[in-house]
Amino acid sequence: MTAARALLAAVRFYQRAISPAFPPRCRFEPSCSAYAAEAVEVHGAGRGTWLAVRRLAKCAPWHPGGVDLVPPRAGTAEPTHSSCTAASDPTTPPVPPADDPARRPGDTPPAPGRSAQQEAGVA
């Protein structure tokens with residue numbers, strides 16, 4: 001078993017056995033475990049682990065979070081995985097720009113995998 005496959009197995013174990021026991025609270029899209037798995041798949045064990053550690057270091061109260069995609073492999077300009085297109089989900093309605101007068105505070109859709117009640121903190 002190669003190092004990359006062993007790391008992927010560890011991440012998949014975490015995703016299936018440990019992560020479901022906790023409520024979703026990741027401030028990034030894709031989640032840190034999905035990012036780690038994709039980074040190891042795209043860049044290999046060494047650089048993929050480094051990218052995952054850097055991403056985990058960003059997971060702090062002072063970081064705003066948001067969309068943070070795995071950088072493409074050197075020499076490729078195209079994204080290679082599905083999480084690279086996570087920000088452009090066709091099922092999510094578009095949110096008007098911040099300076100649009102028609103925009104209301106409730107226009108932002110809930111995070112993927114969370115209901116509107118969970119997002120509002122009432123469930």
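**Entry 1**

I looked up what Val11 touches: leaving out residues up to four places away in sequence, Val11 meets Ser33, Ala36 and Ala37. I took contact to mean heavy atoms within 4.5 Å. This is a predicted model, in which local features need pLDDT of at least 70 and side-chain atom pairs count only at pLDDT 80 or more, while totals for chains, interfaces and linings use all residues. Residues are numbered from 1 along each chain as its sequence is written, and side-chain values use heavy atoms, with hydrogens and water left out.

I then looked up the largest nonpolar core, and its 6 residues are Leu8, Val11, Ala36, Ala37, Val40 and Ala52. H1 and H2 each give at least two residues to this core, and H2 has the largest share, with 4 residues. I noted that a nonpolar core is a set of buried Ala, Val, Leu, Ile, Met, Phe, Trp, Tyr and Cys residues joined through side-chain atoms within 4.5 Å. Buried means under 20% relative accessible area, exposed over 50%, and partly exposed in between (1.4 Å probe, protein chains only). Helices (H or I, at least four residues) and strands (E, at least two) are DSSP runs, numbered from the N terminus.

**Entry 2: Ala4**

I found Ala4 in helix H1, which covers residues 3–18. Ala4 is partly exposed, at 21% relative accessible area. From Ala4 to Glu41 I count 37 residues in sequence, and their C-alpha atoms are 7.3 Å apart.

**Entry 3: salt bridges**

How many salt bridges are there? I get 3 by the rule, which asks for a side-chain nitrogen of Lys or Arg within 4 Å of a carboxyl oxygen of Asp or Glu.

Glu41 and Arg12 form a salt bridge at 2.8 Å, N to O. Glu41 is in helix H2 and Arg12 in helix H1, so this pair ties together parts that are 29 residues apart in sequence. Glu41 is partly exposed at 38%, and Arg12 is partly exposed at 26%.

Arg55 pairs with Asp68, with 3.7 Å between the closest N and O atoms. Arg55 belongs to helix H2, and Asp68 to the loop between strand S2 (66–67) and helix H3 (116–120), 13 residues apart. Asp68 also forms a salt bridge with Lys58, at 3.4 Å between the closest N and O atoms. I recorded Arg55, Lys58 and Asp68 as a network of salt bridges. Arg55 is buried, at 1% relative accessible area; Asp68 is buried at 14%; Lys58 is partly exposed at 28%.

**Entry 4: cysteines**

I looked for disulfides (pairs of cysteine sulfur atoms within 2.5 Å) and found 0. Cys26 is partly exposed, at 37%, whereas Cys32 is buried, at 13%.

**Entry 5: Pro30**

I placed Pro30 in the loop between strand S1 (28–29) and helix H2 (32–58). The peptide bond from Glu29 to Pro30 is cis, with omega near -5°. Pro30 is buried, with a relative accessible area of 4%.
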